[in-house]
Amino acid sequence: MERFLQTRFWAQFKSRHGWTPYFFLLNEHEARQTDGLCDCGREETRLTVLVRTFSLRCMKFSIAYIPMAPEADISTGAEALKNQLASGAEALRNQLASAAEKIRPFLPKNTLYVRFDPAMDFLEREKRDEFVYNFIHLEKKNRMVRKAACDIQPPDTVLLPLSGTEEEILSRMKSKWRYNIRLAQKKGVSVQRFSAGDEGLEAALETFFSLFQQTSERDGVQFHQKSYYQDLFSLAAQHKDGCEPQIRLYLAQHETDFLAGIIVLFCRREAVYLYGASGNEKRNCMPAYLLQWTAIKDALQSGCPVYDFYGCPPSDDKNHPMHGLFLFKTGFGGTLVHRPGSFDVILKKNAYMVFRAAEQLRSWYHRKFKKLIARRKA
């Protein structure tokens, strides 16, 4: 089963926001372009590639992005890969370079690079970091395959296994988390669910976006335009015949006040907490705990094997600016996992280096400068 970022649904969604999806079947020798619907054979890998094209006065260029793929299908196996980090890093480099070379003829002529987010989960941060170190060390041999300047998907996250009953899942949480869930209920917090096509969804999205604006002003978090979330549910409404994935919006309300909201995706492989927002009022009502617990119960009922909190600080570091987020997400009893992040196979070296420098500046502005300003205003 493919991860949600590799689904045709997600590719269609991103096509509404500047990306052109390409679908391939890869084998040992070649890549074949498909419509994204066909099943792959035993010796083939299905791959979704997102391409974005930019037009400047003097040039036109594209970038290609492959989210959460390929899976860690190194011949040594996933566990051996993590124990033999140097050979594993070299094997991954070869795998990425080979995949990029196979799909290159199908991409726009002036594509600068192919960026990969390999689907690899390390249970130990030190092993992940050593793996990445070994990968970077190999750049001395081949500068055309290198660690990306910025990671696209969260490199660290918390995965909550959905095994057992609701009571068993609750028992694996920290006691304070169970208490806060009950406290929210005791204080009268209620949670409303909205799926694609539901009556009241449009007003609920307006409320969610208003909460998101408060979150952004308070924490310096970057968010999408309102149309981005509307399009997500609009596309999901076309898949209400039972096809996956499905999208739900959850809003926590106390009396007449909406306190917080989350958007969660459900598919056969996973449930994923995509977006969250909270207001500035009545935070002592603990709405975030009840929101997550409601979504976790729905994921269990839907048959999802795991609930991905999708993004977390890498360790229990009290000096980390988002240490509170680490405590919140790990308190539900999940496992902290570490991913190696993004890697680039360079196709146009000189133009790539210019783009890389601009990307580093943009990342610094959004991930550090804006958050610093928000904390100073708080």
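The protein chain has 11 helices and 14 strands, where helices (H or I, at least four residues) and strands (E, at least two) are DSSP runs numbered from the N terminus. This is a predicted model, in which local features need pLDDT of at least 70 and side-chain atom pairs count only at pLDDT 80 or more, while totals for chains, interfaces and linings use all residues. Residues are numbered from 1 along each chain as its sequence is written, and side-chain values use heavy atoms, with hydrogens and water left out.

Of the 378 residues in the protein chain, 50% are buried; buried means under 20% relative accessible area, exposed over 50%, and partly exposed in between, with a 1.4 Å probe and protein chains only. A contact is defined by heavy atoms within 4.5 Å. Among contacts in the protein chain between residues at least 6 apart in sequence, 73% join residues at least 24 apart.

Helix packing may be taken next. Two packed helices are described by the angle between their axes and the distance between the axes. Axes are lines fitted to C-alpha atoms, for helices over the stretch in contact, and angles run from 0 to 180 degrees between N-to-C directions. Helices α6 and α9 pack at an angle of about 100°, and their axes are 8 Å apart. Helix α6 is therefore roughly perpendicular to α9, given that 65 to 115 degrees counts as roughly perpendicular, under 35 as roughly parallel, over 145 as roughly antiparallel and the rest as oblique. On the α6 side, the contact is made by Trp177, Asn180, Ile181, Ala184 and Gln185, and on the α9 side by Tyr289, Leu290 and Trp293. By class, this contact of α6 with α9 has 6 nonpolar, 2 polar and no charged residues; Ala, Val, Leu, Ile, Met, Phe, Trp, Tyr, Cys and Pro count as nonpolar, Asp, Glu, Lys and Arg as charged, and the others, Gly among them, as polar.

Both helices also pack against α10. The buried residues of helix α10 (residues 323-330) are His323, Phe326, Phe328, Lys329 and Thr330. These buried residues pack against α6 (175-186) and α9 (287-302), and also against the strands β7 (156-161), β11 (271-278) and β13 (335-338).

Aromatic rings form a further theme. Rings of Phe, Tyr and Trp (its six-membered ring) pair if their centres lie within 6.5 Å; planes under 30 degrees apart count as stacked, over 60 as edge-to-face and the rest as tilted. By this rule there are 26 aromatic pairs. In one of them, the rings of Phe208 and Phe212 have centres 5.5 Å apart and planes at 70°, so the pair is edge-to-face. Both residues lie in helix α7 (residues 201-219), 4 residues apart, about one turn of the helix. An α-helix has 3.6 residues a turn, so residues three or four places apart point the same way. Phe208 is buried at 1% relative accessibility, and Phe212 is buried at 5%. The rings of Tyr228 and Tyr229 are likewise edge-to-face, because their centres are 5.6 Å apart and their planes lie at 80°. Tyr228 and Tyr229 are both buried.

A charge sits over a ring if NZ of Lys or CZ of Arg is within 6 Å of the ring centre and within 35 degrees of the ring normal. The charged end of Arg93 sits over the ring of Phe135, 4.9 Å from its centre, and that of Lys147 sits over the ring of Phe343, 5.2 Å from its centre. Arg93, Phe135 and Phe343 are among the contacts of Arg146, which, leaving aside neighbours within four places in sequence, also include Glu139, Asp344 and Tyr352. Arg146 is found in strand β6 (residues 145-147) and counts as buried at 10% relative accessibility.

The backbone remains to be considered. Most residues other than glycine have a negative phi, and most peptide bonds are trans. The peptide bond from Ala69 to Pro70 is cis, with omega near -5°, and Pro70 is found in the loop between β4 (60-66) and α2 (78-83). Met68 has its place in the loop between β4 and α2, and its phi is positive, near 50°. Met68 is buried at 7% relative accessibility. Glu255, in the loop between β9 (246-254) and β10 (257-266), has a positive phi of about 55° and is exposed, with a relative accessible area of 60%.
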